[in-house]
Amino acid sequence: MGQDIISIDIEQLRQSKGKIDKLFIKYKAAEGDEFYLKKDDDYDMEKVYELMKLMGQEMPGRTNEAINLDKKGLIVYNSLEGKRLRDEIIVNEGKEEEIELSAVKSADLIYDFHNLDQTKFKKYVNNENYNLKGVRFLAGRDSVQEIGQYNEQIALELDSLYKELSSIEEEILGEGNLVLIHGDFHPGNVLIDSKKDAKLIDYKNLTIGVRERDLASMMEQVYAQGCLGKKKTEEKDVRKWQKNFIDSYNGDIDEKKLIFYKSWISWRNATYCFSKYFLRDREEIDIRNGKTFIENTKKYLEEYKRDKD
């Protein structure tokens, strides 16, 4: 790039068997430009690089620009200007009208993503992220079984809900009307720049599915990060943002599918929290939030079945 590096910030570093297998570095060049250097052995980095190049062409100015890929699988890409959507809403640093605008811009952003040409991205679809089965058995590991080694009752409840959700999801996906979806659409993967435009990042889990999954993901993750995280905002403000977001989406929305995927996302969140508690951090907030997400899973599932009848 022809610029001297004046500062380096290591944001993530993971080692396995004496080898660095995950690396995320932000650095600033002498001319003031900021770049990221990324490596993740959990993914085919050559394919990720190609995907970033393609996405930059299809959504110019609305996502990162991939600059270089070296032989070791290190990707260099530009740093987008802006702050994460979760900071705009949850930390509540923005003015009320700016927060409302962020809902509109986020809805426009994901609507445009849903209308990208699927055929161009066929090579990059993450099949493991296609359905709840892929989420549960990610990388060949059964997350529910792992939880069961520490708490059998929680694992049995997760498994029972999983079976019911998977059966319903199979029917929904079988109906067709599938689009390209982000697959992990949440407030941490959207940036709001100084012009209040929304930009999209971290789409390596993109897959084919129904648009309601992305919409439910954003709504429930705004709730999770806003109302259940360590930094909280008023629930009424979160609910207002959710309404502005869903009302601003330009495509047709199946309300029953939206309710179902709120249950789906809540199950995923519960499994994540319990896995994090039992297998890693042992923070009480995770076990508490996991129980909340199980209750939300059941609540939305009952609502879906009631409305379907």
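Two strands are said to pair if DSSP finds at least two bridges between them. Helices (H or I, at least four residues) and strands (E, at least two) are DSSP runs, numbered from the N terminus. What you are looking at is a predicted model, in which local features need pLDDT of at least 70 and side-chain atom pairs count only at pLDDT 80 or more, while totals for chains, interfaces and linings use all residues. Residues are numbered from 1 along each chain as its sequence is written, and side-chain values use heavy atoms, with hydrogens and water left out.

**Strands**

Let us begin with the strand pairs, set side by side here.

| Strand pair | Sense | Bridges | A bridge partner pair |
|---|---|---|---|
| E6 and E8 (residues 190–192) | antiparallel | 2 bridges | Lys83 and Ile192 |
| E4 (residues 66–69) and E5 (residues 75–78) | antiparallel | 3 bridges | Ala66 and Tyr77 |

E4 and E5 form a hairpin, with 5 residues between the two strands. In its turn sits Gly73, whose phi is positive at about 85°.

E6 and E8 belong to an open sheet of 3 strands, in the order E6-E8-E9 and with antiparallel pairing. Its edge strands are E6 (83–84) and E9 (198–200), each of which pairs on one side only.

**Helices**

Now for helix H3. This helix lies across E8 and E9, and runs at about 40° to E9. Axes are lines fitted to C-alpha atoms, for helices over the stretch in contact, and angles run from 0 to 180 degrees between N-to-C directions.

H3 (residues 96–114) also packs with H9 (residues 235–248), at an angle of about 40° and with the axes 8 Å apart. The two helices are therefore oblique to each other; angles under 35 degrees count as roughly parallel, over 145 as roughly antiparallel, 65 to 115 as roughly perpendicular and the rest as oblique.

Which residues of H9 make the contact with H3? They are Lys240, Trp241, Asn244, Phe245 and Ser248, and they meet H3 residues including Glu96, Ile99, Ala103 and Ile110. Contact here means heavy atoms within 4.5 Å.

**Asp21**

Finally, look for Asp21 in strand E2 (residues 19–29). Is Asp21 buried or exposed? Its relative accessible area is 12%, so Asp21 is buried (under 20% is buried, over 50% exposed, partly exposed in between, with a 1.4 Å probe and protein chains only). The C-alpha atoms of Asp21 and Asp42 are separated by 8.0 Å, with the two residues 21 residues apart along the chain.
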